Amino acid sequence: MLSVETLRDWGADVDEALVRCLNNESFYLMLVQKAVKDPNFDRLPEAIAAGDPGKAFEAAHALKGVMANLALTPIFKPVQEITELLRSRTDTDYAPLLSEISAQRDSLTQLF
């Protein structure tokens, strides 16, 4: 069951996120549950596969903001990295980062 303790054990910086949520644990947990359903998780790989770095950057940047605000560090780190690569239009294989983002999202979802 999702709790601040399970999120902390998973690697989230719960204390930082709770400050942003006025120390309201139930509000924070509700936001985390909504965050894993963010449509940008699907838009990002779709845009990369379509060869649209602009749309891919927009999706990654939006995810970066959500993950940062909720201090979901295990997802934030690869999202931040892919965002910066897309910002600079780096020609690289994004598959490893997409896999890491997906794996961390899946591991978070399993906490529910």
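Trainee: Why is N23 called exposed?
Mentor: In this predicted model, residues count as exposed over 50% relative accessible area, as buried under 20%, and as partly exposed in between (1.4 Å probe, protein chains only). N23 has a relative accessibility of 56%, so it counts as exposed. N23 belongs to the loop between α2 and α3, where helices (H or I, at least four residues) and strands (E, at least two) are DSSP runs numbered from the N terminus.

Trainee: What is the phi of N23?
Mentor: Phi of N23 is near 60°, a positive value in a residue other than glycine. Most residues other than glycine have a negative phi. A71 also has a positive phi, of about 55°, and is not a glycine.

Trainee: Is A71 buried or exposed, and how do you know?
Mentor: A71 lies in the loop between α5 and α6. The relative accessibility of A71 is 5%, and A71 therefore counts as buried.

Trainee: What conventions apply to these values?
Mentor: Residues are numbered from 1 along each chain as its sequence is written, and side-chain values use heavy atoms, with hydrogens and water left out. The model being predicted, local features need pLDDT of at least 70 and side-chain atom pairs count only at pLDDT 80 or more, while totals for chains, interfaces and linings use all residues.

Trainee: Is K64 buried or exposed, and what does K64 touch?
Mentor: K64, in helix α5, has a relative accessible area of 18%, and is therefore buried. Leaving aside residues up to four places away in sequence, K64 touches F76, V79, Q80, T83, E84 and R87, a contact being heavy atoms within 4.5 Å.

Trainee: How do you know that the buried residues of α3 line one face of the helix?
Mentor: These residues are Y28, L29, V32 and A35. Viewed down the axis of α3, they fall within an arc of 120°, so they line one face; the arc is that of the directions from the helix axis to the C-beta atoms. S26 and K34 are exposed on the other side of α3. The cover over the buried residues of α3 includes α1, α2, α4, α5 and α7.

Trainee: Which residues touch the most other members of the largest nonpolar core?
Mentor: A nonpolar core is a set of buried Ala, Val, Leu, Ile, Met, Phe, Trp, Tyr and Cys residues joined through side-chain atoms within 4.5 Å. The largest one has 36 residues, and L7, Y28, L44, L72, I82 and L108 touch the most other members. Elements giving two or more residues to this core include α1 (4–10) and α7 (95–109). Not counting residues up to four places away in sequence, the contacts of Y28 include V4, L7 and L72.

Trainee: Why are α6 and α7 called roughly antiparallel?
Mentor: Axes are lines fitted to C-alpha atoms, for helices over the stretch in contact, and angles run from 0 to 180 degrees between N-to-C directions. Angles under 35 degrees count as roughly parallel, over 145 as roughly antiparallel, 65 to 115 as roughly perpendicular and the rest as oblique. The angle between α6 and α7 is about 155°, with their axes 9 Å apart; α6 and α7 are therefore roughly antiparallel. Their contact involves residues including I82 of α6 and L108 of α7.

Trainee: What makes α4 and α5 roughly antiparallel?
Mentor: Their axes cross at roughly 150° and come within 8 Å, and α4 and α5 are therefore roughly antiparallel.
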